[in-house]
Amino acid sequence: MKTYQLPEVKIERDKDRCIDCQVCVRQCAFEAHIVDEDGEVYSEDEKCVACQRCVSLCPTNALTIKDNKPFVKDNANWTAETQKYIWKQAETGGVLLTGMGNPKPYPIYWDHMLLNASQVTNPSIDPLREPMELRTYLGSKPDKIDIKMVDGEPVLNTKLAPQLMVKTPILFSAMSFGAVSYSVCEGLARASKELGTFWNTGEGGLPQNLYEYGPNTIVQVASGRFGVHSEYLDAAAAIEIKIGQGAKPGIGGHLPGEKVGAEVSRTRMIPVGSDAISPAPHHDIYSIEDLSQLIFSLKEATEYTKPISVKISAVHNVAAIASGIARAGADIIAIDGFRGGTGAAPTMIRDNVGIPIELAIAAVDTRLRDEAIRNRVSVIAAGGFRNSADVIKAIALGADAVYLGTAALVAMGCHVCQMCYTGKCNWGIATQDPYLEKRLNPDVAAERLFNLVRGWSHEIAEMLGGMGLNAIESLRGNRLHLRSIGLSTEEMDILGLQAAGSPMA
Amino acid sequence: MKRVYTKEEACIGCRLCEVHCLTEHSRSKNIIKAHKKEFPRALSRVLVEELRPVSFAVQCRHCDEPVCVEACITGAITKDESGKVVHDEEKCVGCWTCVLVCPHGAPRRDLERKKVAKCDLCPDRETPACVEMCPNRALVYEER
Amino acid sequence: MKGRIHRRNISGCGLAGMMSEDGRLMSGEGIIRSMEVLHDRSNGLGGGFAGYGIYPDRQDHYALHIMYDDIKAKEMTDVLIDEWFEVDAEEVIPTRKVPGVGKAPLLWRYFVKPSADFNECGVCEEDYVIDAVMLVNSTVEGAFIFSSGKNMGAFKAVGFPEDVGKFYRLDEYEGYTWIGHGRFPTNTPGWWGGAHPFTILDWAIVHNGEISSYGINKRYLEMFGYKCTMLTDTEVVAYSFDLLLRRHNLPIELACKALAASFWTDIDRMKAQGKKVADVYEALRMVYGGGLLNGPFAIILGHANGMVGLSDRVKLRPLVAARKDDMLYIASEESAIREVASGLDKVWNPKAGEPVIGELRIPVSNTDAVRELEETVA
């Protein structure tokens, strides 16, 4: 069928600069650059996904990719995008698919919050001279500890639940082997070890070669139960039950058979080439009691040595759900906001289901405190953290730590072209094609991830010191250090914030 | 001695090593001029061998016992005290004997100039251009 | 709350405390003199004191010190007090006219015991008293209970501390522990209740500094039922001590380690040296992270059995301590100690976050909780 779709970008090739080296041709898995029989290189705009791989690698900066939103007659309702979706579906009859997080211009609440700093009455603390503590323990804590004196020395008389200690309140979010390449997993695992934090296998299992990184690994148990076996659970530092994902609340996952090669097949324990389908719900969890059973099954299986996390997407009733999860025995609740990424999701779901993580953190933290059970669980927030300021604001709202998914991918080269579901990722990230996967050297990946988190941690320390605080726990849930700007009173109420300009109280 | 080693698992077959080798061995050392304005064009001394998904860059290995040195009929190829296999263009007559005997296929024929071109480890740079410009660290320059 | 003080005060201040570990009684004149030396650390917008052992004749009664805006506030409060307590005596707090102290609210004190039927509430006696105090302070317009301990009392006003001391005729009281405070608030509610000390039960806190972690300390304490009605950071210090010492039975040293926590590097070092106490410190930080007091502060805590001086974990506010015979002195400046004691045995600058602890040699055993606490400490 003749496509009615119009190219969205324009590839500009500066012929004066192009040396016909064909690097672009070789790098584009979408075949947007072509070399003819005379050795001359040209481009086909309609194939370009704007991943910028060719631009980044072009040795003479001869390439520019420009926005070329197709012109449709001015119409606020029938925009080029809405028409594009219709053309696509009229041609395929299928569900619109996409990758990465919600790109719609919903309010980004982070950009409506301002941080505090000390002046005169309270000295700011210089992180270059004074200790600045970001260390965080994730897991269930009792409300009080009991001390007994033995020979005049205090001794702990309370058995503490297992904890994950992170040197900085930043972890890597669940991204499954299969959805992402092995190199990504290796990069995440190695960076986590060096940073003193954790990466998360997602539902793709733990590749055999990465078992040595188990002490820095959170393994997931998702509805498809792929790759779950006793060694997998034993290898991990913590286990996460995945109920939902911010990019696609309420639905399951689907790894197409083309991405299931020998290694993915071995790791997920499914036949080569078969689709890996994760059902929307866990079919053994239809209620909170069922969740509790799975939590305790996993605790029993690992002899109560590992914290159990439950990951949910941020939906309307997230606060009550989180409270239920805390009472069901989870040690950690991971909440994924609607800007959280994915390898593949139906566009309509990604763009229209769920709520922003900012509101979810505030609602959950408030609810858990109202019920006086905040100590029982740690809260990890996920879903579109772009920089260290977002992270520190999340902590001030009440999160214990954050998960980075998209930011980690961007650090490794991702340019958020949203084509993950095609398996043709030119950056070697969301692909299982050995030719493409090689493009991400795990050495480079690990180093870039390490640098990113180190940079963010420095910035967090700097901002923390500016507020006159030297331990991250003094900011956690300390919403007085945040002020809102440009929000409605209702939004401020949910976020628990006062307006910028209102005095300390 | 330091040599250029290839990490085949990281080579992505982009051939940027070739582009930068050529530039480094051009008269102007300007990437655009070297490719578009200089005639005869300089020749890259590194060649990427590729059978997807496998690829790797090959250049002179600066062998401990270089057969090319023995085979060269004019004495143009010698091994210097540092261990580097050097090629004297002045003496080269373009007989291609070295091309014939090299087990790695490293020497390249510069047909325009009737001379052999081979890796000289970029004497003007600290790190050879191919190594420095590789976007995926598939080439390393190190002592082993 | 009452529309009068609804903003947190940021203040610099001067503080002093003295106690006899033998429990010898001293007139309040000494602490007034000590505070007078620190005149420049306050600006006349608040001064206050707490004395322990001052009501020996009614030591089994809770002494409620209450300030009223008007007689209507008193009438409303009296209804609640009669409902919650059995009142043994009720009187105006004696004062004298002092030029530096302006118009006073109505100042009353009541000596009370919980109503006979309080046990039906299912809470311990102390929690019952706290509930009553919080009820009055958060609901009765124009009434404020600013002292609620046994055999102790807080006295505070707008004015320089030495004037406030004279106003309340503290020279006529005798106590074994005295703490004092002069404020330098950087904004001015001009409300008598805003002066230090802040008290709950027999815990009295005087504080110099700003608790930058206030926002989370408040929310943390709210989980345990405390209502931070005065929106002052000092209030959270008082409640934190009540929580840690009385309700969670932590020894004083460890309560201080929770509030001014050791750095992780120090805890890690202790761990590496095989010191078991490192596990306790680690657990304290994990469990009481929300209670950690962060930001510059120096505080003196008075309580029935003693006195504690504590500075923040990097000591951003001054605190000096001294001992002579059975006396322990703590103050913002050494001069405040030298003024009232000569020939000191020892003067020292306590390290950041290291508590200075004074304890009565023979503890006052006025409640089960304190008794339990002593057992734990012992």
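Hi everyone, let's start with the interface of chain C and chain A: about 3900 Å² is buried between them, and carbon and sulfur atoms give 61% of that area. Three residues, Arg219(C), Met223(C) and Met286(C), supply 18% of what chain C buries against chain A, more than any other three. Keep in mind, please, that this is a predicted model.

In residues, the contact takes 44 from chain C and 47 from chain A. Which helices of chain C take part? Helices H5 (214-222), H8 (264-272), H9 (277-287) and H11 (368-377) of chain C each supply at least two residues to the side that touches chain A. The largest share comes from H9(C), with nine residues. By class, that side of chain C has 23 nonpolar, 10 polar and 11 charged residues.

Chain C and chain A have five salt bridges between them. One of them joins the side chains of Arg285(C) and Glu133(A), at 2.7 Å from N to O.

Now for chain A and chain B. Here about 1900 Å² is buried, 56% of it on carbon and sulfur atoms. Ile19(A), Tyr435(A) and Lys438(A) supply 36% of the area that chain A buries against chain B, more than any other three residues. The contact takes 22 residues from chain A and 25 from chain B.

How many salt bridges are there between chain A and chain B? The count is two. Among them, Arg137(B) pairs with Glu447(A), with the closest N and O atoms 2.8 Å apart. By class, the side of chain A that touches chain B has 10 nonpolar, three polar and nine charged residues.

Conventions:
Residues are numbered from 1 along each chain as its sequence is written. Chains are lettered from A and ligands numbered from 1 in the order in which they are written. This is a predicted model: local features need pLDDT of at least 70, side-chain atom pairs count only at pLDDT 80 or more; totals for chains, interfaces and linings use all residues. Side-chain values use heavy atoms; hydrogens and water are left out. Contact means heavy atoms within 4.5 Å. Buried area is the accessible area (1.4 Å probe) that two parts lose on being put together, summed over both. A salt bridge is a side-chain nitrogen of Lys or Arg within 4 Å of a carboxyl oxygen of Asp or Glu. Helices (H or I, at least four residues) and strands (E, at least two) are DSSP runs, numbered from the N terminus. Ala, Val, Leu, Ile, Met, Phe, Trp, Tyr, Cys and Pro count as nonpolar, Asp, Glu, Lys and Arg as charged, and the others, Gly among them, as polar.
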